[in-house]
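Thanks for coming. I have one structure to go through, and I will take it piece by piece.

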Amino acid sequence: MATYRPLLALAFAAAAPALACSNNTPIYFNGPTPLLELTGQEMIPRITNGVQLKFREPTDDEKKALTDQAAALKAADDPMHRDIKVPWVSRDKVHLEVIFTVTNLDTEAGMFDVTVDGASENAKFDEDVVAMALQQGNNDAPTYLPLISLHPQLPASLGPGETYQGIFREDDFAEGEADLDALDRWQPADPMMDAPPFPAVLINRKDVDPVGTEAVPAQVVTPALVEVDVTLTASKHMQCEWLVRVRDDDDRLWHDKADAHFNPKPKLYQPMIAATP
Amino acid sequence: MAALLIAIAVAPAARAQVTKEPEAAIFPDPKKFARGLYTEGEVGAVAFLGPAGDAVSPGFAIGTRVGYDLFSFFALQLHGLGSTHLTKAGTRPQGDQLIQTYQGTLEGKLTLRFGQLSLFGEGGIGVVRLSTNLLYQLGVEQQYRTGLAAGGGGGIDYHSLSRHFSIGLRGELYWLRDLSSSKDLVVTTYLRYTF
């Protein structure tokens with residue numbers, strides 16, 4: 001046996017990179033076709049499309065584990081003993097990234113922006129709906145507040161024929177998913193009285209300024225997005241192609257026809273806007 | 001006189017005088033290393049040809065073989081090979097993504113020996129698996145990431161003065177049925193250990 005030990009060590013050394021590589025198994029989903037495209041002549045130069053990610057229904061054992069985890073969070077970790085539902089598609093198990101390319105098809109330079117909205121299994125965020133809510137009672141131009149943006153890198157200018165490649169990274173999604181969960185589940189009961197304006201939740205990164213997330217339980221399990229919506233804004237004729245990259249730690253994406261689909265019904269997030277006195 | 005003749009008759013035959021030292025390097029007998037269990041570790045490169053070649057860049061490869069010389073000229077071996085690549089898709093977002101391939105084959109190997117050198121040819125059948133579904137999104141691969149692989153190649157082996165070790169160079173071409181009948185060219189150098 002002693003004779004073989006160096007060889008066994010060599011074999012394990014050779015196998016280690018292969019095993020490490022096997023952890024890198026993302027699944028990709030192309031954005032819908034036709035691609036996002038604007039001619040530069042639109043009254044509102046914005047266009048959106050989205051991908052609904054399909055997940056499998058949890059098994060009975062997995063449902064019980066989620067229930068047990070929620071009970072443990074309520075009993076031990078939250079001093080207020082609130083009900084903390086543990087989502088099936090959670091941020092710590094499902095990691096998203098969007099990779100996109102914008103091409104200027106025009107003969108002149110123009111400005112563009114790409115933003116991401118979406119829905120968790122609990123709530124859907126649509127920046128068009130939010131902009132309409134913000135616009136109520138005034139004639140100002142709509143203000144669009146995306147769930148996830150690359151500001152201040154974008155908006156940017158793109159010359160004729162040029163291409164821009166960008167990534168909404170996993171940490172960008174983690175931030176947006178936490179924002180959506182904070183707005184959906186953890187706002188004070190009377191938002192008119194003591195809640196900060198909801199844009200503060202979207203604009204500030206939690207690690208810099210956790211404004212508006214004070215009520216979020218420390219051990220909350222944040223839902224990941226199950227729907228990804230990408231919006232292109234452009235002042236000239238431009239096209240955007242994108243795809244979603246998913247790292248699915250616990251094999252929760254649906255791929256086996258024997259499994260039932262997980263069909264959440266997220267409710268549309270409607271911001272509470274304080275009336276102007 | 002008679003005594004002298006008797007002495008000559010019974011004396012042992014005279015031996016030739018050694019006029020040079022024996023060779024310091026004695027090449028081991030192939031009968032001792034060309035039989036039985038062996039392992040190989042290999043490093044090299046994998047390049048795709050055909051439709052997958054338009055979508056995947058050549059990449060670094062590492063592999064291993066475990067085989068058994070049934071005869072001095074024929075062996076059966078299991079081969080595992082992993083390689084890592086970047087996708088090619090121009091300016092599309094599917095480009096420049098990491099993708100790994102894992103190939104496992106059962107092979108037969110024929111060897112022709114010339115002292116320390118030997119030439120060999122080998123071929124087999126197995127499976128190839130991709131780490132992601134990106135080639136499906138690029139229209140190269142079918143829905144499933146595991147497919148049939150078959151092919152072979154050959155190489156040259158140099159056996160060291162140690163009974164156990166040899167090194168070599170090999171090239172192989174595999175047909176990948178489920179990657180739109182693409183092919184991959186594998187070129188590796190290896191270290192072999194015979195037990």
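I start where the two chains meet: 19 residues of chain B are in contact with 22 residues of chain A. Contact here is when two residues have C-beta atoms, placed from the backbone, within 7 Å. On the side of chain B that touches chain A, at least two residues each come from strand 1 (36–49), strand 2 (59–71), strand 3 (74–86), strand 4 (98–114) and helix 4 (134–137) of chain B. Strand 4 of chain B gives the most to that side, three residues. By class, the side of chain B that touches chain A has six nonpolar, 12 polar and one charged residues. Ala, Val, Leu, Ile, Met, Phe, Trp, Tyr, Cys and Pro count as nonpolar, Asp, Glu, Lys and Arg as charged, and the others, Gly among them, as polar.

A word on the source. This is a predicted model, in which local features need pLDDT of at least 70 and side-chain atom pairs count only at pLDDT 80 or more, while totals for chains, interfaces and linings use all residues. Residues are numbered from 1 along each chain as its sequence is written, and chains are lettered from A and ligands numbered from 1 in the order in which they are written.

Now chain B by itself. Chain B has four helices and eight strands; these are DSSP runs numbered from the N terminus, helices being H or I with at least four residues and strands E with at least two. From the N terminus on, the order in chain B is α-α-β-α-β-β-β-β-α-β-β-β. Strand 2 of chain B pairs in the antiparallel sense with strand 1 of chain B over 11 bridges, where pairing requires that DSSP finds at least two bridges between the strands. In that pairing, B:E42 has B:G63 in strand 2 as its bridge partner. Strand 2 of chain B also pairs with strand 3 of chain B, antiparallel over 11 bridges, and these two form a hairpin with two residues between them. There, B:F71 stands opposite B:F74 in strand 3.

How much of chain B counts as buried? Of its 195 residues, 33% do; buried means that 20 or more other C-beta atoms, placed from the backbone, lie within 10 Å of the residue's own.

Last, helix 4 of chain A, residues 170–185. Its 16 residues should span 22 Å at 1.5 Å a residue, and the end C-alpha atoms are 22 Å apart, so the two agree. The expected span is 1.5 Å times one less than the number of residues. Buried residues of this helix include A:F173 and A:L180.

Key:
A residue is buried if 20 or more other C-beta atoms lie within 10 Å of its own, exposed if 12 or fewer, and partly exposed in between; C-beta atoms are placed from the backbone.
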